[in-house]
Amino acid sequence: MSTFAEFGLESDVLQAISEMGFEEATPIQAKAIPVAIAGKDMIGQAQTGTGKTAAFGIPLISKIAQKEDRIVALIMAPTRELAIQVSEEIEKLGRFKGLRSLAIYGGQDISRQIRSLKRKPQIIIGTPGRLLDHINRKTIRLDDVQTVVLDEADEMLDMGFMEDIQSILRLVPEERQTLLFSATMPANIQKLAQQFLREPEHVKVESKLLSAPLIQQYYVEIQERMKFDGLTRLLDMEPPELAIIFGRTKRRVAELSEALMKRGYAADGLHGDLSQNQRDTVMRKFRDGSIDILVATDVAARGLDVSGVTHVINFDLPQDPESYVHRIGRTGRAGKEGTSWSFVTYRETDHLHFIERVTRHRISKKVLPTISEAMEGKQKILAERIMDTIRTEEEVNPFKWVASQLLEQYDSVELLAAAMKLLTGDKKDVNIELTPEDPIRSKKRKFEGGGNRGGYGSNNSGQRRPYGSGQGGSGGSWRGGGQGRSDSRGGSSGGYNGGQRRPYGGGQGQSRSSYGEGNRDAGRGRPERRDDYRGSRSSSEDFVKI
Ligand SMILES: Nc1ncnc2c1ncn2[C@@H]1O[C@H](COP(=O)(O)OP(=O)(O)OP(=O)(O)O)[C@@H](O)[C@H]1O
Ligand SMILES: [Mg+2]
């Protein structure tokens, strides 16, 4: 257990950390911050939702002099949403130091970005494509950059950013510090690290625990055409604080979000066919709670951190286990609990078991609530809401006169039942038709063929060691969402159980054409990403985060 004061941070930074509600460092922060402060290059790996952003953000902020007026730090991230989110966290960490940071990403008006660059930010957070654009226009110069961070490096390479990243890194002075965060360590990441990092320290958080303790993982067997009905039953029975529902294709996401809205749910969709403005609006609505269901393609699977996400639902199973782990990792973050549900059609059960084997986690089978159970659940919640409202006398008072008039004419039970019917916002009679998706065929032979699997993980130098025997990391306890955090949603749960990592026996291919910032269009009916893997990574260095 480490407090942030132990790192010898300056008071401005400590104040920012405390205002963010962080009391103790998470295991990855405890390990990474001293290494990064010492100026070393680093490769960082830890499970989802364990504070990797601050693990690189805190040392980065500490290093920059207040009066600096050149770009001295560069952070690269795979998607626009992630660039924005990381820049917000950096902004918060640097607030009392008065540092300036700027997010640079595609889809946003470039001249506006150029105007913002005139404010002389010291830290740039960007997606590789748009960054390169600015570099070519000479609106961004990297000559003074002293720190580079690659967040979600494996994802950036999977998205086809290898060349862009290489070009950018070649333009940064060699005398610099490079921090690379990656969920997996496939051969291309190792190559990148060899090329651009100097004697990096490998900072990993592992745990002997085989399961992700804070995420309850369930699956239900369901026919393709019953999925929508099943989803609404689940949502009614167990209403989420906030939920992310993953669909396989842009078309699926568009249809599903529309269908949910038609049925009266506060939902919206996020996928790569939307304009940047639309994407921003959807994310803002989800973050401020004006919608509580985000339907998304894998564009939202990586890195996104929205507090209060209690449920992740895989309406369609993801193609690869790695994606599964990232998707469900949108809940159960920062020491809070979460639940994931996966819909599995009969022909996909093999694929589910494959995901279980690779992630080494049993996913419990559940049956969907019946219609009457769902209805009962919904009504119970409604009754609770009504009773809560009764307690706020001033708000109820203006309705009392009409209420007593109505009671003179009608039976009280009938009246209340009618009011409840209205309150449910139910539109069950609206007919919904979704275009069916093909089942995912398990690629287990390709994945499992020849790879290292079954109880062995490897470290970066290629030595094998028995799974779970790694150093440290069973983790102290840190509680997420301390006071002062902006969210009060979702019960803050017990202590944090150190990160863990598990072997990933095989992997997906790498022959990906380049596409920009989660926006590649593979055709509306085709999966947005991660579905077109053909080959298999032969490397045994692949790990998946749990
Ligand atoms: N020391 C801490 N104490 C409490 N909360 C923290 C701490 N550090 C980070 N957090 C919060 O934990 C949440 C998850 O952090 P972050 O997004 O950095 O995770 P991550 O490890 O990058 O996850 P992913 O692998 O999904 O990208 C954020 O809301 C962040 O503010
Ligand atoms: Mg992250």
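1. Take residues 2–30 to begin with: their end C-alpha atoms sit 6 Å apart, and the span is 45% helix and 14% strand. Helices here are DSSP runs of H or I with at least four residues, strands are runs of E with at least two, and both are numbered from the N terminus. The UniProt record, an unreviewed entry, labels residues 2–30 "domain: DEAD-box RNA helicase Q". UniProt positions follow the numbering used here, feature names are shortened, and annotations may be inferred rather than shown by experiment.

2. A word on ground rules: this is a predicted model, where local features need pLDDT of at least 70 and side-chain atom pairs count only at pLDDT 80 or more, while totals for chains, interfaces and linings use all residues. Residues are numbered from 1 along each chain as its sequence is written, and chains are lettered from A and ligands numbered from 1 in the order in which they are written.

3. On the domains, the assignment gives domain 1 (4–204), domain 2 (215–371), domain 3 (372–424) and domain 4 (442–530); such bounds come from an automatic or database domain assignment. The centres of domain 1 and domain 3, taken over C-alpha atoms, are 52 Å apart.

4. "Domain: Helicase ATP-binding" (unreviewed entry) is placed at residues 33–203, a span with 43% helix, 16% strand and end C-alpha atoms 10 Å apart. "Domain: Helicase C-terminal" (unreviewed entry) is listed for residues 214–376, where the chain is 37% helix and 21% strand and the end C-alpha atoms lie 27 Å apart.

5. Now one of the sheets: an open one of seven strands, in the order 5-6-4-7-8-3-9, with parallel pairing. Strand 5 (101–104) and strand 9 (201–204) are at the edges with a single partner strand each, so one side of each has no neighbour in the sheet. The twist averages 15° from one strand to the next. Pairing requires at least two DSSP bridges between two strands; strand 4 (residues 73–76) and strand 6 (residues 123–126) run parallel and have four, with Ala73 opposite Ile123 in strand 6.

6. Helix 2 (residues 27–37) lies across strand 3 (42–45), strand 8 (177–181) and strand 9, at about 170° to strand 3. For such angles, axes are lines fitted to C-alpha atoms (for helices, over the stretch in contact), and values run from 0 to 180 degrees between N-to-C directions. Contact means C-beta atoms, placed from the backbone, within 7 Å.

7. Another open sheet of seven strands runs 12-13-11-14-15-10-16, with parallel pairing. Strand 10 (residues 215–221) pairs in parallel with strand 15 (residues 338–344) over seven bridges, and Val220 has Phe343 in strand 15 as its bridge partner. Helix 11 (residues 250–262) packs on this sheet, touching strand 11 (242–246), strand 12 and strand 13 (293–296), at about 170° to strand 12.

8. Finally, the ligand. Ligand 1 has 21 residues around it, the closest being Gly51, Lys52, Thr53, Asp305 and Ala334 (near means a C-beta atom, placed from the backbone, within 6 Å). Strand 2 (24–25) and helix 3 (52–63) are the elements giving two or more residues, and helix 3 gives the most, with three. Domain 1 and domain 2 both contribute to the shell, so ligand 1 lies between them.

Definitions and conventions:
Two residues are in contact if their C-beta atoms, placed from the backbone, lie within 7 Å.
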